[in-house]
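These are my notebook entries on one protein model. I set down what I looked up, in the order in which I looked it up.

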Amino acid sequence: MKDKNNKQTKENVDKKTIITRIILIILILIWVFLVYGFSNQSGTESSGISRKVAEFLFDSEEIINKAEPIIRKLAHFSEYSIGGILFYSLFSTYDFTKRKRSLISLGLGIWYATFDEIHQLFVPGRSGNLVDVIIDSTGVLFGIIFIRVIFKNILAFFTLWCYNT
């Protein structure tokens, strides 16, 4: 009877893992299409969105003009941080070491950042930029580090909580 229960538990974990993987793959695909959509905007459209954010945050035209390119770069960093979190989360569902999860996630993030910048070479008013690949890759790395710290702290919290109750 005990073996049957253990087998059922293992099957349930496997089903949960498969469902988690499917959800993460769907989220990654949504992220890929969103990034692609942003990159497919003309230079004017892309700058316009960053400018609207700057205008929302600041009143001075001088500050708005200085803030707009910074906001664009922060958008690159932020969207790729999300990618790093999603990639690392997906590979956490596999029996990989933290290092392997991190390296695969970082490699995929750098690959997509490079693809994204090459894609922008063909979009009117846009250009592929090595600096953006570096910013995007740094965002992926930040996302990986962020999620690793979060996982570590959540695990520590639940371990303490379980032993203290």
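What percentage of the 165 residues in the protein is buried? I found that buried residues account for 30% of them. I note that the model is a predicted one.

Entry on the fold. I looked up the secondary structure and recorded five helices and zero strands. Read along the sequence, the pattern is α-α-α-α-α. I then turned to contacts between residues at least 6 apart in sequence, and 68% of these join residues at least 24 apart.

Entry on the core. I examined the largest nonpolar core, which has 16 residues, and noted that W31 and Y80 touch the most other members. Helices α1 (2-39), α3 (61-91), α4 (98-120) and α5 (130-164) each contribute at least two residues to this core. The largest share, six residues, comes from α3. I also listed the contacts of W31, leaving aside residues up to four places away in sequence: E79, Y80, I82, G83, L86, F87 and Y112.

Entry on the surface. I recorded an accessible surface of about 11200 Å² for the protein, with 69% of it belonging to carbon and sulfur atoms. A nonpolar patch lies on the surface, formed by I18, I19, I22, I23, I26, L27, I30, L34 and F38. Together these residues have about 820 Å² of accessible area.

Is I26 buried or partly exposed? I26 counts as partly exposed because its relative accessibility is 46%, and that class lies between the cut-offs of 20% and 50%.

Note on methods
Residues are numbered from 1 along each chain as its sequence is written. This is a predicted model: local features need pLDDT of at least 70, side-chain atom pairs count only at pLDDT 80 or more; totals for chains, interfaces and linings use all residues. Side-chain values use heavy atoms; hydrogens and water are left out. A nonpolar core is a set of buried Ala, Val, Leu, Ile, Met, Phe, Trp, Tyr and Cys residues joined through side-chain atoms within 4.5 Å. Buried means under 20% relative accessible area, exposed over 50%, partly exposed in between (1.4 Å probe, protein chains only). Helices (H or I, at least four residues) and strands (E, at least two) are DSSP runs, numbered from the N terminus. Contact means heavy atoms within 4.5 Å. Accessible areas come from the Shrake-Rupley method with a 1.4 Å probe; for residues, only the protein chains shown count as cover. Patches are made of residues with over 30% relative accessible area and no salt bridge: like charges are joined within 9 Å, nonpolar side chains (Val, Leu, Ile, Met, Phe, Trp, Tyr) within 5 Å. A salt bridge is a side-chain nitrogen of Lys or Arg within 4 Å of a carboxyl oxygen of Asp or Glu.
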